[in-house]
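Biologist: I have a chain open on my screen and would like to learn how to read it. Could you walk me through it, please?

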Amino acid sequence: MGIIRSLLELKNKDRIVRILTNKTQKVGKTSLIMSLVSEEFPDEVPLRAEEITIPADVTPERVPTHIVDYSEAEQSEEQLYQEISKANVICIVYSVNSKKSIEKVTSHWIPLINDRTDKDSRVPLILVGNKSDLVEHSSMETILPIMNQFQDIETCVECSAKNLKNISELFYYAQKAVLHPTGPLYCPEEKELKLSCIKALTRIFKITDLDNDGILNDNELNFFQRTCFNTPLAPQALEDVKNVVRRNMADGVKDNGLTLKGFLFLHTLFIQRGRHETTWTVLRRFGYDDDLELTQEYLFPIIKIPPDCTTELNHNAYLFLQSVFDKHDKDRDCALSPEEVKDLFKVFPYMPWGPDVNNTVCTNDKGWITYQGYLSQWTLTTYLDVQRSLEYLGYLGYSIVYEQESQAAAITVTRSKRIDLQKKQTQRSVFRCNVFGAAGSGKSGFLQAFLGRNLQVSDKTHKSYYAISTTYVYGQEKYLLVRSEELACDVVCLVYDVNDPRSFEYCAKVYKQYFIDSKTPCVVIAAKSDLHEVRQHYSLSPHDFCRKHKLHPPQSFTCNTTTVPTKDLYTRLTTMAMYPHMAQADLKNSTFWLRASLGATVCAVLGFAMYRALLKQR
């Protein structure tokens with residue numbers, strides 16, 4: 001028996017295969033090793049060969065290989081067990097001219113190996129029939145039932161150490177069993193792909209299906225071919241592939257394109273013909289490991305975020321996300337229905353957006369997430385949890401579709417806010433507004449009004465602590481993230497209920513405790529301004545308090561309207577977040593506010609009109 005142990009790390013170039021052979025009497029195992037190394041049959045064969053290292057450039061899979069011989073005469077069974085536990089693939093050597101050695105494969109070696117390996121992570125086995133030069137017949141007729149009985153057996157190779165027949169092939173198959181194992185992909189008893197393999201290949205199909213029509217056309221097939229194998233297919237080669245599928249299944253080709261069934265059939269065919277490496281090349285290109293799980297390196301590429309910096313999606317990332325939205329917005333209504341959202345996230349192992357998302361971003365009158373709301377949610381995730389955003393982009397295949405090294409290429413790390421304050425300008429596109437107020441003061445209404453909802457259309461069922469949408473400041477589209485009750489932010493809203501005499505006291509205490517000496521701009525919001533205003537039970541009125549602390553006068557606000565609430569106040573907040581140094585000076589100028597609000601209205605209309613025009617072009 002021989003054991004091949006791989007210390008394989010697919011993300012690295014340092015790949016090692018370790019081979020152990022044990023002393024099984026008179027099967028010629030040591031002769032095989034020495035014939036491989038010297039390329040000639042040895043005149044004298046020792047009980048055990050010394051450890052041998054074969055460099056990568058002379059092995060078929062370009063992997064450095066270490067061969068360690070085991071001898072029952074010189075070593076203990078415990079040493080054998082230790083090597084078995086470390087093995088990635090095991091070669092069991094028998095003599096083709098010895099019925100007894102063949103019987104020992106099933107009576108001794110396979111039970112011994114199974115007893116020493118975990119049932120859920122059995123190592124692949126290779127049966128090696130040596131001394132084929134001594135017989136004129138093949139042992140395959142005897143071996144095939146054994147292969148059918150034990151699914152861990154990858155293949156069988158007949159060879160001869162004496163005339164060097166299939167010696168290098170033996171070690172090639174051994175390496176191949178480590179690098180391209182059959183077990184995770186295919187069930188030989190059922191003669192079909194395993195469910196985990198189908199799931200992975202289905203995700204790959206959906207990513208490659210760029211227009212989401214359920215068919216890989218010639219352009220998409222060539223994109224797939226270039227992505228995985230760095231070369232396109234000639235037109236005739238494409239037709240040949242489709243013809244193979246046509247001959248074997250009725251619904252594998254549709255409208256001259258490859259369906260999911262046809263795609264899965266091709267990979268089944270590759271595996272059945274011993275071309276496992278083709279399917280593994282595809283799986284690994286799309287981020288999968290040997291257990292058909294997306295690797296941590298693929299999902300979470302390293303990205304360094306210095307203190308006081310934030311994370312945003314860059315232009316290419318937004319273009320990619322727009323294309324993902326477009327391919328799933330089947331009815332072209334600029335919103336995603338629940339079915340369309342479900343279809344979009346089929347490439348995810350779980351549903352990443354819960355019902356609270358509909359109260360976090362803009363929706364249409366049916367409660368469906370709009371195009372702007374969709375981009376806003378992605379912006380929010382990237383700002384709050386960039387690792388989660390990288391993970392999501394990984395599921396969608398961003399780095400593959402955009403031919404980037406990793407999803408990290410989609411992220412912009414902004415410069416320190418301290419530098420922005422020093423230079424009195426910023427390149428950031430996302431700003432955070434935190435809202436403070438006593439219970440019942442109208443904070444939730446303030447968040448929902450930012451999404452265009454008045455009291456009549458607000459959904460109280462699935463509460464969200466965030467609201468995010470776009471505003472326009474001097475013609476520039478910016479995102480404002482509004483959040484309840486947190487300290488770190490770019491601008492602060494202190495919300496009180498004009499009809500509750502005890503409401504303002506809470507705002508005053510929060511300001512004096514946390515923000516009186518802060519450079520963070522603060523705005524006092526007089527909420528529920530449609531109600532009768534009562535005197536606040538505080539030593540200073542809200543207006544006097546603002547005047548004393550050099551704040552803007554309280555801003556009236558209500559969401560109890562019959563129309564969509566105005567965004568003017570949110571534009572002001574975004575402007576203050578962008579230009580905190582102006583918050584106590586130029587921002588008091590009414591002409592300044594008028595220019596900012598007018599720019600917001602014009603840009604919002606133009607932005608939506610441009611997207612509708614792009615949809616019509618598509």
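Biologist: How much of the chain counts as buried?

Modeller: Buried means under 20% relative accessible area, exposed means over 50%, and partly exposed lies in between, using a 1.4 Å probe and protein chains only. Of the 618 residues of this chain, 53% count as buried. Keep in mind that this is a predicted model, where local features need pLDDT of at least 70 and side-chain atom pairs count only at pLDDT 80 or more, while totals for chains, interfaces and linings use all residues. Residues are numbered from 1 along each chain as its sequence is written, and side-chain values use heavy atoms, with hydrogens and water left out.

Biologist: How many helices and strands does the chain have?

Modeller: Helices (H or I, at least four residues) and strands (E, at least two) are DSSP runs, numbered from the N terminus. The chain comes to 22 helices and 22 strands. Contact means heavy atoms within 4.5 Å. Among contacts between residues at least 6 apart in sequence, 68% join residues at least 24 apart.

Biologist: How do I read a pair of packed helices?

Modeller: Two packed helices are described by the angle between their axes and the distance between the axes. Axes are lines fitted to C-alpha atoms, for helices over the stretch in contact, and angles run from 0 to 180 degrees between N-to-C directions. Angles under 35 degrees count as roughly parallel, over 145 as roughly antiparallel, 65 to 115 as roughly perpendicular and the rest as oblique. Here, helix H12 (residues 315-328) packs with helix H14 (residues 371-384) at an angle of about 135°, their axes 11 Å apart, so H12 and H14 are oblique to each other.

Biologist: Which residues of H12 and H14 meet?

Modeller: From H12 come Tyr 318, Leu 321, Gln 322, Val 324 and Phe 325, and they meet Tyr 371, Tyr 374, Leu 375, Trp 378 and Thr 379 of H14. By class, this contact of H12 with H14 has eight nonpolar, two polar and no charged residues. For the classes, Ala, Val, Leu, Ile, Met, Phe, Trp, Tyr, Cys and Pro count as nonpolar, Asp, Glu, Lys and Arg as charged, and the others, Gly among them, as polar.

Biologist: At what angle do H14 and helix H15 cross?

Modeller: The axes of H14 and H15 (residues 386-396) cross at roughly 130° and come within 5 Å. The H14 side of the contact includes Trp 378 and Thr 381, and the H15 side includes Arg 388 and Tyr 392. By class, the contact of H14 with H15 has six nonpolar, three polar and one charged residues.

Biologist: Which residues does Gln 372 touch?

Modeller: Gln 372 sits in helix H14. Leaving out residues up to four places away in sequence, Gln 372 touches Thr 470, Glu 477 and Tyr 479.

Biologist: Where does Tyr 474 lie?

Modeller: Look in the loop between strand S18 (466-473) and strand S19 (476-484). Tyr 474 has a positive phi of about 50° although it is not a glycine, and Tyr 474 is partly exposed, with a relative accessible area of 33%. Lys 528, which lies in the loop between strand S21 (522-527) and helix H20 (542-548), has a positive phi of about 60° although it is not a glycine.

Biologist: Is Gln 225 buried or exposed?

Modeller: Gln 225 is buried, with a relative accessible area of 14%, and its place is in helix H7 (residues 218-229).
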